[in-house]
Amino acid sequence: MNRVIVVFLLFSLICQTNSQTPSFPDCQSGPLSKFPICNQSFTSRQRAADLISRMTTIEKISQMITTAESIPRLGLPKYEWWSEALHGLAYSPGVFFGGDLSAASSFPMPINLGATFNMHLVYQIASIISTEARAFNNAGRAETPDEDPFLTSQYVYALIQGLQRGDDERYLKIAANCKHFDAYDLENWNGIDRHHFNAIVSDQDLVETYLLPFKTCIQDAQVASIMCSYNSINGIPACAHQFLLETIAREAYHLNGFVVSDCNAISDILHTHHYTSTDEETVAVALHAGTDLECGVFYLFHMNDALKKKWINETDIDQALMRTYDVLIRLGWFDPPEQQIYRQLNKNDVDTIEARQLSFISAQESIVLLKNINQALPLNMNQLTNKRIALIGPTADATVQMQGIYHGRAPFLIDPLTGFKNLTSGKSIDIVYARGCGMSHHDERDFAAAIRLAQTSDIVFFFGGIDHTIEREGTDRQSIALPDVQLVLIKQLEKVTRSSLHIVIMAGGGIDLSYIRDSIKCASLIWMGYPGQSGGLAVASVVFGQYNPAGRLPVTIYPASYVNEVSMFDMQMRPSATNPGRTYKFYTGKAVYEFGYGLSYTTFNYTWNNNSLSTSYSIQSITKKIHWQERTLISSIRINVTNTGTFDGDDVVLAYVTASNVTRDQIVPFKQLFGFDRVHLKVNETKEVFFPFTIETALTIAQNASKWLHPGLYHITIGQQQIGAIKLQGQSIQWI
């Protein structure tokens, strides 16, 4: 089971077909040059409409799939829409690694970036990714950050801004895509896969959890496209779901772009969901629902027949092409390169010093320290002369595995073993290695060598976890326990080590780490996620105290028994007779580690600035004084953060609100994140952080998805420390 509720993937779309020869429309002397498509005095929609009107029906249909064919008579080159850039340019039809552009920066996976709680960092990474995407384009060349919809929304806003916006506001830097829309939360579990799954989602959960990040992506960040998912939602396939694609995405959220299907999801409408009866009807329901572009060939093979049989008309096709070509125009595809700074990017803008530094920093910021008994870490190099440190385990020499999924060719990959050796070079510290065991296959043939090495070493680190062979797209894990072979080896190492054992876990999804948490023989526990090209060096810098860890878990770590308590087919967030609840907001069990948990080498203290706000408000006065569209109730809740320890370091300040239960049948979140900030403090330094308290923060989502502002106490918790409350008085009102 690999359950993270808000599944959210982002990738760039403006990489050319994978050829080493750049291919752009010729608006200088080609067939298009005299047409409005090349005339920048017209609006993008006017330019697109004229070009589409010049295409034959068959030519139009050829542009309805992600590998769009060339139209030589019009001077339109072949175009590949599909390029991946989840955390750096990745292998995909639109990205070619070779020649002068043999590699691209590989940043930590989104789950790691979620752990940083640093949205400025996310923006910087996205900006570099979009720069490298454009550079590849000019040469012709897990998917989720966390479990919390608020954090995901903040993440996606920063990411989309960094991907699409740059120094030239006239053009999109690249066209980004938010997927999978919507309630895409199952890959393959107990005989049902994503192509057949019908997600039954309540209106309450849809509004409160599943739609919220997409609302930010579309309405606030103004993403250029979204992708409809494989699954059905309440009986309707996502790519045929007119209410979601048209009513919600376009009318309510104002999508200014196009909808693309996941690969072969149009075919699934007919063949796996059995929602339609014929090929032609399938084309019609997808197109009328608002699916403008297909990853696949179903449109290509069947759209003309649907047209002939009058399931669709040509204006339906034109409308879809208007949306895709409008985006191409906004990207500057038809405009002269000399007037576009993005078209000047080249190999010198890929794998820059800045990109390498940011990859390293982001990996450091994402590392989460989960356990540190008696300040076992950091290790003091000055006390390690002539000492031997053993690195044992299947991820100690991980390279490509550190990239997670959707990765490309990195310029380099620093595994933990190399990272440890690099930092201790010239220090007379012996770094040794034994694999010990594989990732999951129970084979103990290498145990003996690992145990002998541990017996002769002064300090032992076990590097374990999981990788893409266990958690990947298309597969849901049946177990969230640490692989048995690793746990057996850990227990044997505990018996022979001279000092307490240190554990480092590489994983994206949750793993039950309760044994390591509770064992007195395990002195420390580090979560490294999938940290990208500089991951090994980042972990080493934390171990040796060159960096003070401040990452926080972006997910709840459940006990292994959780998989037996809830069905993957159950999409309900709130607890029930068959569901203990999901995420920190609703889980009724005892988590192994809670969302937001993470230690530091130093300590911090929070105090409420009591002069910053009045703590009692009348609901009726709120409705009179605040404009209906105004979302801020309190402009700033002020918190003083003080570094009370002995190390300089970052602190991730998490602000939660807990509302009073208003009715017996209404289950409200135990707590709900409404603000966060990452600040750096020197020893004894105090800084003030600010969190706005919005109307949205105080609203309760009813079972019918209506939003209510109720009277009662709203307790404010910073981290684990409850420091104040806001009281709303009066009668409940429905918020429109």
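**A close look at loops and backbone**

Analyst: Val297 counts as partly exposed, with a relative accessibility of 38%. Please keep in mind that this is a predicted model. Val297 sits in the loop between α10 (279-289) and α11 (298-308). Together with Leu300 and Phe301, Val297 forms a nonpolar patch on the surface, and the three share about 270 Å² of accessible area.

Now to the backbone around β4. Most peptide bonds are trans, and most residues other than glycine have a negative phi. Against that background, Lys179 and His180 are joined by a cis peptide bond, with omega about 10 degrees. His180 belongs to strand β4 (residues 176-181). Another cis peptide bond links Phe181 and Asp182, where omega is about 5 degrees. Asp182 is placed in the loop between β4 and β5 (188-189). Ala183 is in the loop between β4 and β5, and although Ala183 is not a glycine, its phi is positive, about 55 degrees. Ala183 counts as buried because its relative accessible area is 1%, under the 20% cut-off.

Gln375 also has a positive phi of about 55 degrees without being a glycine. Gln375 lies in the loop between β12 (368-372) and β13 (388-392). Gln375 counts as exposed because its relative accessibility is 63%, over the 50% cut-off.

One more loop residue is Pro336, found between α12 (314-330) and α13 (353-366). Pro336 is buried, at 14% relative accessible area. Leaving aside residues up to four places away in sequence, Pro336 touches Gln28 and Gln40.

Notes:
Residues numbered from 1 in each chain as written. Predicted model: local features only at pLDDT ≥ 70, side-chain atom pairs only at ≥ 80, totals over all residues. Heavy atoms only, no water. Helix = DSSP H or I, 4+ residues; strand = E, 2+ residues; numbered from the N terminus. Buried < 20%, exposed > 50% of the residue type's maximum accessible area, 1.4 Å probe, protein only. Contact = heavy atoms within 4.5 Å. Patch = residues over 30% accessible without salt bridge, like charges linked within 9 Å, V, L, I, M, F, W, Y side chains within 5 Å. Areas by Shrake-Rupley, 256 points an atom, 1.4 Å probe, with all protein chains shown as cover. Salt bridge = Lys/Arg side-chain N within 4 Å of Asp/Glu carboxyl O.
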